[in-house]
Amino acid sequence: MSEDIELLDRFIAGDQEAFNTLMRAHEDRVFSIALRMMRNRDAALDATQETFLTLYRKADRFHRQSAFSTWLYRVTINTCYDQLRKQKRRRADALPESNDPADPHSEDELTGAELRPDLAAALATLPEDFRTAVVLSDFEGHSLETVADILEVPLGTVKSRLFRGRRLLAQKLGNLSVGSKPQRDEHG
Amino acid sequence: MDKYNPDLIFELAAGSLPEEEARAAEASLTAEGRAELAAQRAVLAAIADAPQVAMTDIERAHLHRTVVAGIADTTRELTAAAVAAPRPTPKGRTVLWTRFASAAAVAALFVGVVAVGTQLSSGGDDASNVSADTALLATTVPVGEADLTTTTASVALSAAEGDGVGADSDAGAGTFDDAVEESVAQLATAPPLSRAVNKQDLGELTAWLLEASRQELLDPVEDLASLPCFAVAAEDDDLAISYTFSVEYQSAAGETLAGVAYADSGTPTQDPLIRVYDLATCEPVLANTD
């Protein structure tokens, strides 16, 4: 972490190689998060690119109240949200009046995420908040505290989103009957 | 009454409780609770079995190229904003100017000129493969007032060529010509095209560009905006400039002419877009899309 800060300081002071080093250090993790979120390799690459351009343009907005990586992954998640919303708008604009629900690209996108197809399909159906928590915690292995920092939500909210996200995944994967329901919405 | 406690299920699934406590807690679960715990564990197991995500070498190289191009865009935007900035003489505009100057000062920290040549080696396991294809270059060009003069001169030179970028400049024409010669001399040179330019030349030119990029034969360019016809190329929204090189071509009359080419980095599935402009007039003479 301190190495990241040192690199960031050098970059802000004008050392472009420090930016390159920062990018090299984090690009795989950023891409991995983006791919799980976007479910499409091209879109994940776009999101990764945009994340590092945001770092390039707005590095001075990192206020050092958390680890640099926490801030960078927050930028990644927000970039993915933005791009997912743009995708939805584009699809809505392109929808013919026949209300055809089939997305001809959906299967390619899902298999492109390098997951078991059924797991990828299930992950894709999760609400964004749940998917983000599951991706950051269960796929990427971040601690609950780090996920809470990245998402800027309380720890209990992270637990709740994880619990419910996993629950939905289990239902989609056939490991839990759809009829059963959790007893509480939020964890303490 | 709750059929199960989600917090407890969460902790059991995470394996975060002491063994004894976990065993006792699990034994106390209702049927619904056990089903929920099994479902949560099954999901975690499925996720644990998921393969690691990794960029391919091509994707990594593409990422680096597109970031370089994006940084170049940032540089271009800031340069254009700086050129267009009003002078702070009228009292009523002082605040606006001050605001802009502050933004420019902050932005100056991030203004980079992109060129190709500084190798970006990977920190991953496949470093040797990645580094061969990848170059991310950025050298800092602080935008102080003195540097702004230089930048303005570059843009004004392009304007004098009829590229539509208007700018006031105090720079002399001689300085500008010298700068053009110098900047063109930095460029890699594609093999001369053997006949009057036509679409058939594109395959050869594309192959050369891909190979030159792979072998890092495209030298760093210290100031993209100073290159001839840059402003014309920059107006092409489809073209995120990553590469530039010079190329000779022949007119229909057999005359050998000099061109400057701008290209993007392509995508993993698409060849780069290439635009060639006549060096003297900046008229487009070759493009691989209409």
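**Figure 1. In strand 7 of chain B, B:Ala287 is the bridge partner of B:Arg275.** The model shown in every view is predicted, and local features need pLDDT of at least 70, side-chain atom pairs count only at pLDDT 80 or more, while totals for chains, interfaces and linings use all residues. Residues are numbered from 1 along each chain as its sequence is written, with chains lettered from A and ligands numbered from 1 in the order in which they are written. Strand 6 of chain B and strand 7 (residues 284-287) of chain B run antiparallel and are joined by three bridges; strands are DSSP runs of E with at least two residues, helices are runs of H or I with at least four, and both are numbered from the N terminus. The hairpin that these two strands form has five residues between the strands, and in it B:Cys282 takes a positive phi near 65°. On the other pairing of strand 6 of chain B, five bridges join it to strand 5 (residues 256-263) of chain B, again with the two strands antiparallel, and here B:Arg275 is the bridge partner of B:Tyr262.

**Figure 2. An open sheet of five strands in chain B has the order 3-4-5-6-7, with mixed pairing.** Strand 3 (188-189) and strand 7 of chain B stand at the edges with a single partner strand each, so one side of each is left without a neighbour in the sheet; two strands pair if DSSP finds at least two bridges between them. Strand 3 of chain B runs parallel to strand 4 (residues 243-250) of chain B, and two bridges join them, with B:Ala188 standing opposite B:Phe245 in strand 4 of chain B. Helix 9 (residues 201-214) of chain B lies across strand 3, strand 4, strand 5, strand 6 and strand 7 of chain B, and runs at about 110° to strand 6 of chain B. Such angles run from 0 to 180 degrees between N-to-C directions, with axes fitted as lines to C-alpha atoms, for helices over the stretch in contact.

**Figure 3. B:Tyr277 is among the residues with the most contacts inside the largest nonpolar core.** Strand 6 (residues 274-278) of chain B has four of its five residues buried, so it is largely enclosed by the rest of the structure. A residue is buried if 20 or more other C-beta atoms, placed from the backbone, lie within 10 Å of its own, exposed if 12 or fewer do, and partly exposed in between. Leaving aside residues up to four places away in sequence, B:Tyr277 touches B:Cys229, B:Val232, B:Ala233, B:Gly259, B:Val260, B:Cys282, B:Glu283, B:Pro284 and B:Val285, where contact means C-beta atoms, placed from the backbone, within 7 Å. The largest nonpolar core has 94 residues, and its largest share, 10 residues, comes from helix 2 (residues 16-38) of chain A. A core of this kind is a set of buried Ala, Val, Leu, Ile, Met, Phe, Trp, Tyr and Cys residues joined through C-beta atoms within 7 Å.

**Figure 4. Helix 9 (residues 155-173) of chain A and helix 3 (residues 31-48) of chain B have axes that come within 9 Å and cross at roughly 85°.** The two helices are therefore roughly perpendicular to each other, a term that covers 65 to 115 degrees, whereas angles under 35 count as roughly parallel, over 145 as roughly antiparallel and the rest as oblique. Helix 9 of chain A brings A:Arg166, A:Arg167, A:Leu169, A:Ala170 and A:Leu173 to the contact, where they meet B:Ala39, B:Gln40, B:Ala42, B:Val43 and B:Ala46 in helix 3 of chain B. By class, this contact has seven nonpolar, one polar and two charged residues.

Figure 5. A:Arg39 is not a glycine, although its phi is positive at about 70°, and A:Arg39 is found in the loop between helix 2 and helix 3 (41-58) of chain A. Chain A has nine helices and zero strands, and 43% of its 188 residues count as buried.

Note on methods
Two residues are in contact if their C-beta atoms, placed from the backbone, lie within 7 Å. Ala, Val, Leu, Ile, Met, Phe, Trp, Tyr, Cys and Pro count as nonpolar, Asp, Glu, Lys and Arg as charged, and the others, Gly among them, as polar.
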